[in-house]
Amino acid sequence: MFNIPKPKPGEYAPYAVVYVDLFTEDSDMITTLEDSLKGAIQLVRSIPAEKLDQPFAPGEWTVKEILSHIMDTERVFTYRALRFARNDPAELFPVDQDLYVQNSGVNERSIEEIIEEYESIRKSTLTLYKSFNDKSIKRSGKVSGNPTTVAALVWLTAGHEAHHLNSIRQNYL
């Protein structure tokens, strides 16, 4: 497997720089995604069960809702990466993250069920991302008018997760 190069500005929406810049130029995103799966599970298991479905402040998401949001977003990013890697020219559009969280029903689920789903999604993501080659990783498409490369979507998958796991650490530990 080759190292997926850090995307440059212009390869993703401007707001996403906060995710890409969480990692250095020489970061290996496949290893990062493999390692962060273990770290996410350890983090969640370190939080008392009674806190997992309680927001840390009014109007904020619960830990379970944050995990659901990470999973939904990872699915969206991998779908986009697949479409662009296969040279699909259709422009893709954003999803309403709040709508997705509101309708997830995740707070009624056990943390073990959520962790099982999280692991399954990540394994699928890694299988897809490892299948990309030098050609496909450079391909791009548009998301809401923003050019987006396959490489950027790999980095955004890791960065988006890291961003939200950091917020869980800050607010729940």
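A few ground rules come first. In this predicted model, local features need pLDDT of at least 70, side-chain atom pairs count only at pLDDT 80 or more, and totals for chains, interfaces and linings use all residues. Residues are numbered from 1 along each chain as its sequence is written, and side-chain values use heavy atoms, with hydrogens and water left out.

Let's begin with the whole protein. The protein has seven helices and two strands. Helices (H or I, at least four residues) and strands (E, at least two) are DSSP runs, numbered from the N terminus. The C-alpha trace spans about 45 × 30 × 25 Å along its principal axes.

Now look at how helices pair up. Find helix α2 (residues 29–45) and helix α5 (residues 111–131): their axes lie 10 Å apart and the angle between them is about 175 degrees. Axes are lines fitted to C-alpha atoms, for helices over the stretch in contact, and angles run from 0 to 180 degrees between N-to-C directions. The two helices, α2 and α5, are therefore roughly antiparallel. Angles under 35 degrees count as roughly parallel, over 145 as roughly antiparallel, 65 to 115 as roughly perpendicular and the rest as oblique. The contact (heavy atoms within 4.5 Å) includes I30, L33 and L37 of α2 and I111, I115 and Y118 of α5. By class, this contact of α2 with α5 has 11 nonpolar, one polar and six charged residues. In this scheme Ala, Val, Leu, Ile, Met, Phe, Trp, Tyr, Cys and Pro count as nonpolar, Asp, Glu, Lys and Arg as charged, and the others, Gly among them, as polar.

A second pair to find is α3 and α7, whose axes come within 9 Å and cross at roughly 175 degrees. That makes α3 roughly antiparallel to α7. Among the residues in contact are I66, T73 and F77 of α3, together with L153, H164 and I168 of α7. The contact of α3 with α7 divides into 13 nonpolar, six polar and three charged residues.

On a 1 Å grid over the protein atoms alone, a cavity is a set of points where a 1.4 Å probe fits but cannot get out, and a pocket is an open set with protein on both sides within 12 Å along at least five of seven lines; lining residues have an atom within 4 Å of a point. Grid points are joined across faces, edges and corners, and a volume is the space filled by probe spheres set on the points.

The largest pocket holds about 440 Å³ of space. Of the 24 residues that line this pocket, Y15, T73, F77, R80 and P94 lie nearest its centre. Helix α3 gives the most to this lining, with six residues. The lining of the largest pocket has 14 nonpolar, eight polar and two charged residues.

The second largest pocket has a volume of about 150 Å³. Its lining includes F56, W61, H163, H164 and Y172, and α7 gives the most to it, with six residues.

There is also one cavity of 30 Å³ or more, and the largest cavity has a volume of about 40 Å³. A40, I41, V44, L67, I114, I115 and Y118 line the largest cavity. The elements that give two or more residues to this lining are α2 and α5, and its residues divide into seven nonpolar, no polar and no charged.

Finally, visit two loops. Most residues other than glycine have a negative phi. N87, in the loop between α3 and α4, has a positive phi near 70 degrees. S144, in the loop between β1 (140–143) and β2, has a positive phi of about 55 degrees although it is not a glycine.
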